[in-house]
Amino acid sequence: MHRLRRERPDLPLVINGGFADLAQVRLQWAEGLGVMIGRAAYHRPAFIAELERALPDSDWPTPEPARVVETMVSYARAQAPRGVRLHSVTRHMHGLLAGREGARSWRRFLSDIASRPDAAPKLCFRRCPSSIRAWLPKRLKRRKPG
Ligand SMILES: Cc1cc2nc3c(=O)[nH]c(=O)nc-3n(C[C@H](O)[C@H](O)[C@H](O)COP(=O)(O)O)c2cc1C
């Protein structure tokens with residue numbers, strides 16, 4: 001790729017596969033290559049914000065997990081009438097707290113409770129264990145009665 005870059009500076013080139021941290025990506029950017037990110041962004045979505053912030057003139061803030069949960073729950077609620085199960089949305093949220101306190105409890109909560117066939121977007125998050133409640137948006141923090 002690097003040789004091709006030198007031989008064909010006119011071509012847009014994007015390297016793909018195996019890049020998992022900012023330092024690795026910067027090395028490729030320095031060579032004039034774009035970098036496609038797959039698994040690293042999926043397992044730790046905050047990585048996308050890190051990359052964005054590393055671009056010149058970027059002032060994009062890393063969205064707080066509570067904001068992401070809020071948006072995803074709204075999305076799940078909008079999809080529910082179409083028969084989309086909560087699990088289809090939350091199964092892509094396992095990496096949300098990657099590297100943060102409570103990451104394991106969060107994954108367990110999503111696997112154990114949010115994946116139940118009858119799990120309802122709003123109510124389900126009220127059953128979140130207290131160890132991770134701090135990451136939830138205010139309106140979902142209230143405990144489920146009983
Ligand atoms: C969750 C996820 C979704 C992906 N979606 C696409 C896609 O829509 N189109 C595509 O060409 N590749 C897709 N890929 C493949 C990646 O672009 C990439 O080729 C592959 O994951 C290898 O790079 P990685 O080491 O960064 O994961 C996806 C990968 C992942 C993990």
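Because the model is predicted, local features are reported only at pLDDT of at least 70 and side-chain atom pairs only at pLDDT 80 or more, while totals for chains, interfaces and linings use all residues. Residue numbers start from 1 along each chain, as its sequence is written.

**Figure 1. Overall form of the protein chain.**
The protein chain contains ten helices and two strands. Helices (H or I, at least four residues) and strands (E, at least two) are DSSP runs, numbered from the N terminus. Along the sequence, their order is α-β-α-β-α-α-α-α-α-α-α-α. The C-alpha trace spans about 65 × 30 × 25 Å along its principal axes. The radius of gyration of the protein chain is 19 Å, whereas a compact globule of 146 residues would have a value near 15 Å; the radius is taken over C-alpha atoms, and the globule rule is 2.2 Å times the number of residues to the power 0.38. Of the 146 residues, 16% count as buried. A residue is buried if 20 or more other C-beta atoms lie within 10 Å of its own, exposed if 12 or fewer, and partly exposed in between, with C-beta atoms placed from the backbone. Among contacts between residues at least 6 apart in sequence, 46% join residues at least 24 apart. Two residues are in contact if their C-beta atoms, placed from the backbone, lie within 7 Å.

**Figure 2. The shell around the ligand.**
N16, G17, G18, F19, M36, I37, G38, R39, A40 and Y42 surround the ligand. Helix α3 (residues 39-43) gives the most to the shell, with three residues. G38 is found in the loop between β2 (34-36) and α3. This glycine, G38, counts as exposed, with 12 C-beta neighbours inside 10 Å. The C-alpha atoms of G38 and E101, which are 63 residues apart along the chain, are separated by 24 Å.

**Figure 3. The largest nonpolar core.**
Of the 15 residues in this core, W106, F109, A114 and I132 touch the most other members. Helices α5 (65-79), α7 (103-112) and α8 (121-125) each supply at least two residues of the core. A nonpolar core is a set of buried Ala, Val, Leu, Ile, Met, Phe, Trp, Tyr and Cys residues joined through C-beta atoms within 7 Å. Apart from neighbours within four places in sequence, I132 is in contact with G102, S105, W106 and F109. In soluble globular proteins, nonpolar side chains tend to be buried together.

W106, F109 and L110 are the buried residues shown in α7. Seen down the axis of α7, the buried residues fall within an arc of 95°, so they line one face of the helix; the arc is that of the directions from the helix axis to the C-beta atoms. These buried residues pack against α6 (86-90) and α9 (130-133). On the other side of α7, R104 and D112 are exposed. R104 has 11 other C-beta atoms within 10 Å. The C-alpha atoms of R104 and W60 are separated by 27 Å.

**Figure 4. P65 and A66 in helix α5.**
P65 has its place in helix α5, and A66 lies in helix α5. P65 is buried, with 21 other C-beta atoms within 10 Å, whereas A66 is partly exposed, with 16. Leaving aside neighbours within four places in sequence, P65 is in contact with L96, L97 and W135. On that basis of counting, A66 touches W135, L136 and P137. The C-alpha atoms of A66 and S131, 65 residues apart along the chain, are separated by 14 Å.

**Figure 5. The backbone at D57.**
D57 is found in the loop between α4 (46-54) and α5. Phi of D57 is near 65°, a positive value in a residue other than glycine. Most residues other than glycine have a negative phi. D57 is exposed, with 4 other C-beta atoms within 10 Å.

Methods
A residue is near a molecule or strand if its C-beta atom, placed from the backbone, lies within 6 Å of it.
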